[in-house]
Amino acid sequence: MRVAVERSADKMAAVEPLERLTDAQLLAQAASDPAAFEIVFVRHVSPVHRYLARRVEPGVVEDLVAETFAAAFDRRGRYRREYPDARPWLLGIATNLVRHHWRSERARLAAYARVGPEEAIDGADALAVGRADARSVRNELVAALSRLHRGDRDALLLMVWAELSYDEIAQALEIPVGTVRSRINRARRLLRELLDNVAPFGQQDQPISHERAASP
Amino acid sequence: MNEIELLTSLGDEVQAPDQQTVDRLRGRLLAHIDQAAVAEESRRRAVRWPTAAPRAAFAVALDLWLSAVARTRALGRRWGRWMHSRSHSAMVVFAALVITGSAASAVVSLNSSRSQPLTGKVPGAIEPASVAGYHYTITVTPNLDAGGAFWNTFIAYTRNHRTGSGSNVGGGGGSPYPTPTNPLFGGNLDQFESGRVGAQGLLGDTVGYTLTGPAVAAVRFGSRTIRTFSSPELPTGDRAAVFFIPQGAPALTLDWRPGQPIRSVVHIPVMPEKTAGLMQVSMLAVLPLDDHGNPIATHATIPPTPFAYYWHAPGAITPGTALPPHPASHPRPGVCQLAQHGLRALRPEWGTVITQVLPAKNAVGELFFSCVSTEYYLHGWPLTAGVLVDARQPGQVLGAIPGARPVTGRPGTVDFDAGNLTARRSGQAWLVVRGGSGVAQRLRVLDALRISKLSVHSR
């Protein structure tokens, strides 16, 4: 088992298993012991990969995940120790990288529009008609998403696709939490307006279901 | 459905990455970490540009400008304008000199030639008693024998992927590792092979090379000056010069000291099966040059060597070549120990332990020190295992092994195929296995070994 080591001791002494350290502690240790960074990678590679897979084309996902962790390793010395969980920070780096891949993001959104309940289009039953409507809504949603201001889209998708809270989004994007609230509200309002012409929402003003989005 | 639920349903179509993807990404990350370590070390060891030369160039440019202003006043307006613009041109030239480097560095740049790479082809057509037309590959690997801190260098000549010849050199000429006053080490110079010295006795060109410390910008021998280069295939911070030596050229030596002649003649006894007597050999000193093209003054240094305890298993199949009288049958306790678990066919044959680590404090460039080594035998293959620690500060985390690449799916494990070794990070050390039938066997042996004791620390 890998352990944190106390270098000042006369002999290398086992202090605490690396796996028990917080991300902040691991990143601090990674300054002198790169192996500690591997634990951070293992903890967060899956959510970072899923987030990027939702945002960009499959062909560039792996490169961006690799770039995210490489950039995180390079910047590990600048990590703010008051945040024990590095996931928002990593997702913030990933979001910044996505900004350089707008074409790929647009292609990914187009793919969302293409991939739908295809088999339902030709159907004549009520279910098929419903699916055709759903596809139409989906296409409009994707189109509306691409029309959002970049900052608003990042905040909204970090909340929905990365399941970050408002505070965590603020940490990821390095903006005040109030700005996060206003960006997400603006994005939701615009999406609703753009979608209103396609299909009426049932209870549009229902609160967001997952609890991580609740900000104190 | 509201917009959030719609977006969530879109996102749910994406699956989590599979294990192969994660392994690939982990490999890429480890490669990046290793590269970052190399880059960091290079930055740390980069030779600072002397500030005196740019300052001097700036002062000259300032003088030119001031004198031009004075002459403008004296010569009149029209003539002065021309002079003024001319001084500006001169300033631009001097500014360019300041930006691109000093005139001193131009000495090394203009009068020198670029080194050959670590892998290449010897010019000329293939013919008997010649390596012309062969591909050559130079590899640098850490010494695994306990108690020694130096780099093994090896040059292999191949033709159609078959090894033609090669020479395995531990340390070569110069010093075992670079120090500020003894910066040439390793390489295939200073070799006295059977009846042959350097390129003598060979038809056509051959390859000469030497490794150097970070401060060596070029090496000079006779009228040739070869610029050194750094590479991820070399120890971090160290450099190399590779060059072709024509047939019949003098033998090159790295052991030149200030006050000694550059050219000399030595008499070397030839092998008994050859003509009895002494062979007269012309020698030419290889001089290390700094950024300014000046020879670096060298003097011999003797590195500290800890006493090593040799042991030898009774009935070992592959006994060591230099058996001391009455060796122990088991390793005695040392600062580092290896333990074996599983893989019963793996038999320890002989090895070396040391009871203290003497840091090589004057070493420059990355340097590894082996604190325990054991020769194993597995299904007819000999394999050497060793534990490497930092030779300068033994408690520090070791840097990357030159030329080694991450092994996919095995975090912290690297392989260097050309160097015939595979290694796994273990705390601040590398556990290295060399030899065997290939990487698969070395990985099996690595899995069966662990470092049971590592009692080294920084002072």
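Start with A:Gln171 and what surrounds it: leaving aside residues up to four places away in sequence, A:Gln171 touches A:Tyr79, A:Tyr83, A:Asp85, A:Pro88 and A:Trp89. Keep in mind that this is a predicted model. A:Gln171 itself sits in helix α8 of chain A, which covers residues 166-173. Is A:Gln171 buried or exposed? Its relative accessibility is 13%, and since buried means under 20%, A:Gln171 counts as buried.

Chain A has 9 helices and 2 strands. How much of chain A is buried? Of its 216 residues, 48% fall into that class. As for how the chain folds back on itself, take the contacts between residues at least 6 apart in sequence: 59% of these join residues at least 24 apart. If you like surface numbers, the accessible surface of chain A comes to about 10,600 Å², with 50% of that belonging to carbon and sulfur atoms.

Next, the partner chain. Interface size is often quoted as the accessible area that is lost when the parts come together. Here, chain A and chain B bury about 3,500 Å² between them, and 66% of that is on carbon and sulfur atoms. Counted by residues, 45 from chain A are in contact with 36 from chain B.

What about charges and polar pairs across the interface? There are 4 salt bridges between chain A and chain B. One salt bridge to look up in the viewer joins the side chains of B:Arg26 and A:Glu38, at 3.3 Å from N to O. Between chain A and chain B you'll also find 7 residue pairs in polar contact, with both residues at pLDDT 80 or more.

Which helices of chain A supply at least two residues each to the side that touches chain B? They are α2 (35-55), α3 (58-74), α5 (102-114), α6 (126-147), α7 (150-160) and α9 (177-196). The largest share comes from α2(A), with 10 residues. Sorted by residue type, the side of chain A that touches chain B splits into 26 nonpolar, 6 polar and 13 charged residues.

Key. Residues are numbered from 1 along each chain as its sequence is written. Chains are lettered from A and ligands numbered from 1 in the order in which they are written. This is a predicted model: local features need pLDDT of at least 70, side-chain atom pairs count only at pLDDT 80 or more; totals for chains, interfaces and linings use all residues. Side-chain values use heavy atoms; hydrogens and water are left out. Contact means heavy atoms within 4.5 Å. Buried area is the accessible area (1.4 Å probe) that two parts lose on being put together, summed over both. A polar contact is a pair of N or O atoms within 3.5 Å; within protein, one must be able to donate a hydrogen and the other to accept it, and residues adjacent in sequence count only if both atoms are side-chain atoms. Helices (H or I, at least four residues) and strands (E, at least two) are DSSP runs, numbered from the N terminus. Ala, Val, Leu, Ile, Met, Phe, Trp, Tyr, Cys and Pro count as nonpolar, Asp, Glu, Lys and Arg as charged, and the others, Gly among them, as polar. Buried means under 20% relative accessible area, exposed over 50%, partly exposed in between (1.4 Å probe, protein chains only). Accessible areas come from the Shrake-Rupley method with a 1.4 Å probe; for residues, only the protein chains shown count as cover.
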